[in-house]
Amino acid sequence: MLVTVTTTHRPATDLGFLLHKHPDRVQSFPAPAGTAHVFYPQAQESVCTAALLLEIDPIALARRAARGDRRDLGLGSYVNDRPYAASSMVAVALGSVFATAMRGRCDARPELADTAIPLVIEVPAVPTRGDAGLIHRLFEPLGWQVDTVVEPLDAEFPGWGDSPYARLRLTGTLRLADALNQLYVLLPVLDAGKHYWVAEQEVDKLLRAGAGWLAAHPERDLITARYLAHRGDYVASALGRLAAEVPEENVAPDTVAEQRPARGTAARERRAAVVEALRASGASSVVDLGCGNGELVADLLADPTFTEVTGVDVSMRSLRIAEKRIGVERLSDSQRSRLTLRQSALTYLDDELLGYDAAALVEVVEHVDPARLPALERAVFGHARPGTVVVTTPNREHNASFETLTPAGFRHTDHRFEWTRGEFAAWARQICRRYRYRVRFEGVGATHPEFGPLTQLAVFNRQESEVDPAAPRAAGQDTAVDHASASEGAGA
Ligand code: SAH
């Protein structure tokens with residue numbers, strides 16, 4: 001297993017100072033299941049390459065397997081790719097041989113350690129697990145130019161297809177410490193199996209090595225899940241700590257750990273569907289209940305159809321973020337006169353919420369304690385009683401296609417529940433019966449043939465502004481479900 005690091009930052013031989021390994025010597029260190037050698041294939045003023053070669057002792061590896069890791073007994077202990085493919089073992093070797101460099105410490109060249117320098121990192125065999133695209137998704141957001149070559153399984157038998165390995169070359173201008181920390185985390189992420197049991201201290205190791213880049217990485221959830229071998233409790237703890245690292249402006253406090261690399265896309269699609277449903281309802285005054293960071297409020301303001309746009313949330317912190325995001329200071333007077341942001345708790349009756357044509361309740365109900373949900377229903381459908389209410393919530397069935405979930409099996413640690421399509425429909429139906437609305441359902445976002453859409457959306461329409469006992473009852477009113485584009489369970 002080999003990793004090389006090359007720089008052309010002059011004098012390039014300063015790489016020896018940064019790595020704390022002298023370019024003139026070959027040095028060897030004991031590593032788990034083998035020996036790590038550091039040497040410099042070239043060391044000139046103009047270009048210098050350091051190599052880490054990890055020589056695996058297959059016998060030691062098999063002994064370790066027999067001692068500790070019971071999953072790997074049998075032939076697999078002897079016949080495997082561990083000696084050749086870059087893996088978590090390389091990461092461990094990097095972490096021990098270059099520990100000081102990874103911390104960014106260099107007493108001989110302190111400014112250089114803090115400077116982004118031109119780097120080329122090469123790894124001859126990185127496991128792809130059949131998805132070489134992942135290598136790009138992992139390294140490109142960090143500023144690397146990523147070149148991968150997937151070798152055929154056997155050059156003489158092209159029919160056998162590709163090997164599950166890629167030759168990897170990363171080119172970029174980064175601090176050496178950052179580059180090493182990224183490799184330390186991402187090589188095991190690409191690797192199929194960690195060779196040691198994941199212990200709780202792995203969470204600390206991940207966060208230390210991921211400091212400054214992991215929290216905002218688009219593949220943060222996948223990286224965390226794979227690095228921690230999908231141990232749900234550790235993953236949740238790591239994601240929680242990472243969420244706390246993200247600067248406030250960037251994310252809603254309650255949506256920080258929302259799932260998926262395509263999180264931004266999913267949220268955009270959801271907002272577009274909600275705006276569309278609100279527009280179709282003919283509403284001019286709209287209140288966004290639980291507006292969070294104000295993305296939907298901003299979208300509504302941008303549409304002149306909506307002459308009055310209000311966002312309410314129980315969280316002052318969210319409201320402040322919303323105010324900044326919308327740029328309230330910079331709005332024209334006419335824009336500003338259309339907008340209201342205020343604090344309100346949806347589990348209490350609020351007269352300020354009376355009289356709106358429509359309300360949005362987007363990814364909010366699942367944050368409310370089931371015991372408090374009836375209070376919210378009463379405040380929204382019984383008291384505020386807008387003509388239209390657009391509700392979205394995750395479709396729990398779709399979670400089956402997710403790689404990471406919280407220990408409770410949800411998309412977010414603050415979710416108190418997540419509903420299947422049937423459960424959402426049942427909830428909606430009892431609202432219709434109790435508060436005299438009709439409802440239709442739509443799916444939003446990626447739709448799985450079996451598990452349905454990522455997000456479920458319901459549009460409730462008020463039947464009478466007030467319950468009028470004298471009014472003739474429409475036939476079948478107590479079912480109160482329209483089947484417009486009804487998803488499963490909606491009409492049952
Ligand atoms: N609608 C936004 C935010 C969803 S996160 C979006 O789609 O991005 C859920 C939001 O509901 C949070 O901002 C949270 O503060 C708010 N919330 C939760 N319980 C609430 C309650 N009882 N009253 C008002 N807001 C509440």
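I began with Asn399, whose side chain is joined to that of Arg411 by a polar contact of 2.6 Å. I take a polar contact as a pair of N or O atoms within 3.5 Å; within protein, one must be able to donate a hydrogen and the other to accept it, and residues adjacent in sequence count only if both atoms are side-chain atoms. I note that this is a predicted model, in which local features need pLDDT of at least 70 and side-chain atom pairs count only at pLDDT 80 or more, while totals for chains, interfaces and linings use all residues. Residues are numbered from 1 along each chain as its sequence is written, and side-chain values use heavy atoms, with hydrogens and water left out.

**Entry: Asn399**

I looked up a second polar contact, 2.7 Å, between the side chains of Asn399 and Glu418. I found Asn399 in the loop between β12 (388-394) and α16 (421-435). Asn399 counts as buried because its relative accessibility is 4%, buried being under 20% relative accessible area (1.4 Å probe, protein chains only).

**Entry: the ligand**

I then turned to the ligand, which 16 residues surround, each with a heavy atom within 4 Å of it. The closest are Gly290, Asp313, Val314, Leu346 and Val362. I recorded a ligand nitrogen atom 2.7 Å from a polar backbone atom of Gly290. For Leu346, the distance from a ligand nitrogen atom to a polar backbone atom is 2.8 Å. For Val362, I again noted 2.8 Å between a polar backbone atom and a nitrogen atom of the ligand.

Notes. Helix = DSSP H or I, 4+ residues; strand = E, 2+ residues; numbered from the N terminus. Buried < 20%, exposed > 50% of the residue type's maximum accessible area, 1.4 Å probe, protein only.
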